[in-house]
Amino acid sequence: MIVILIALLLAAVIALAITEYKKYKTNLDNNTLLSVIMYNISSYVFLIDDKLRVKQTNYYALNNIKEKGSVKLLGNVLGCENGVEAGECGKHSRCRECVLRYTINKTFANKGEFSDIETTMRLYNGEKSPVNVDVNVSGRYTTVNDKPHMVIGVANITEDKKLMRCLLHEKSETERIVMENTDNESRLSKLSHAVGIGKEMPKVLFDTQNIGRFNRVAALLDKQCKVVYGEDADEAVEKSKKSSLYKYTAIMLDDTFIYSNSKIIENIMQVNTSIPIIIFTSDDTMNDHDNLHYILEPLTDEELIDSVMNIVRPS
């Protein structure tokens, strides 16, 4: 009888050991797979918790540098100028205008995801002084050991945006020349046709840091409305002042642009109270008032066209 009990106990111990080993092996395999993925892609990947603390990243390996400093917050690891100056990401006075911090915190709150957030950051990035770096950032909420985490992908798109800015600047300059030379009807007609400026087509200024987002909106509205790119808040205000020259029917903004330029709406409305301001937002608590019009996202292509054109060209 004792022999049988010992045998059963031994079998139970062996079974438990096998089960625990399988769990360990699974976790080991998963961690190994995660490491293989993270260290064999060109973009930076960060696993962060809801305090923006970096738990795992390929940043150091891709830059061939050693981990340094006791602060492992996302902004500090990336070398954000504000985080470095304040000693800790989130402590600088300008951190409350950080598009990434705003987007990440909002995504943690709704346990969702975001993609293709473009912004310009001042990063040390291995340099002795900070430089402007354009980044495209995506993120997805997940849990690790039942605790909230997020996988963040950061791609450096500085060179791509330099090229796009040059092309858009040239197009904008051509438009300016056309609008300032209205006395020459023949030249105006030719240049207007060349850049797609029609006398009857509504024209909208879209201020956004996200060129990919601009391209989508401009392409969707191409047949009904001309969308002009703007990335600078001062440019939006100055062009609003000269509405008689540029003849914008409306101004469009997205919520991340507004967040990083907190006074933009107020400044535009101070110089021009007649132009409708269209705001793309994911905040379902916002309501239209005065000449502010909020369009709730996400939107299908058809919804975007209808929503904008109902404001730009009301029935």
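## Confidence along the chain

In this predicted model, strand 1 (residues 44–49) has the highest mean pLDDT among the elements of the protein chain, at 94, while helix 1 (residues 2–38) sits at the other end with the lowest, 49. For the protein chain the mean pLDDT is 79, with 74% of residues reaching 70 or more.

Two stretches stay under 50. Over residues 24–34 the model has 1 contact beyond four places in sequence. Residues 36–40 also keep a pLDDT under 50, and there the model has 7 such contacts.

## Overall make-up

The protein chain has 13 helices and 10 strands. Of its 315 residues, 39% are buried. Take the contacts between residues at least 6 apart in sequence, and 50% of them join residues at least 24 apart.

In soluble globular proteins, nonpolar side chains tend to be buried together. Here the largest nonpolar core has 26 residues, and Phe46, Ile48, Leu78, Ile104 and Ile152 are the ones touching the most other members. At least two residues of this core come from each of strand 1, helix 2 (59–63), helix 3 (74–78), helix 5 (99–110), strand 3 (113–123), strand 4 (131–144) and strand 5 (147–156).

Another core, of 22 residues, lies apart from that one, and its members include Ile211, Leu221, Ala250 and Leu299.

## Helix 8 against helix 13

Helix 8 (residues 211–220) packs on helix 13 (residues 301–312) at an angle of about 75°, and the axes are 10 Å apart. That angle makes helix 8 roughly perpendicular to helix 13, because 65 to 115 degrees counts as roughly perpendicular.

Helix 8 brings Arg216, Val217 and Leu220 to the contact, and helix 13 brings Asp301, Leu304 and Ile305. By type, these residues divide into 4 nonpolar, 2 charged and no polar.

Most residues other than glycine have a negative phi, and most peptide bonds are trans. A few spots here go the other way. The peptide bond from glutamate 297 to proline 298 is cis, with omega near 5°, and proline 298 is in the loop between strand 10 (292–296) and helix 13.

Then there's leucine 52, not a glycine but with a positive phi of about 65°. Leucine 52 belongs to the loop between strand 1 and strand 2 (54–57), and it is buried, at 4% relative accessible area. Aspartate 290 has a positive phi too, of about 55°, and is in the loop between strand 9 (277–281) and strand 10. Aspartate 290 counts as exposed, with 67% relative accessibility.

How values were computed: Residues are numbered from 1 along each chain as its sequence is written. This is a predicted model: local features need pLDDT of at least 70, side-chain atom pairs count only at pLDDT 80 or more; totals for chains, interfaces and linings use all residues. Side-chain values use heavy atoms; hydrogens and water are left out. Axes are lines fitted to C-alpha atoms, for helices over the stretch in contact, and angles run from 0 to 180 degrees between N-to-C directions. Helices (H or I, at least four residues) and strands (E, at least two) are DSSP runs, numbered from the N terminus. Angles under 35 degrees count as roughly parallel, over 145 as roughly antiparallel, 65 to 115 as roughly perpendicular and the rest as oblique. Contact means heavy atoms within 4.5 Å. Ala, Val, Leu, Ile, Met, Phe, Trp, Tyr, Cys and Pro count as nonpolar, Asp, Glu, Lys and Arg as charged, and the others, Gly among them, as polar. pLDDT is the predictor's confidence in each residue, from 0 to 100. A nonpolar core is a set of buried Ala, Val, Leu, Ile, Met, Phe, Trp, Tyr and Cys residues joined through side-chain atoms within 4.5 Å. Buried means under 20% relative accessible area, exposed over 50%, partly exposed in between (1.4 Å probe, protein chains only).
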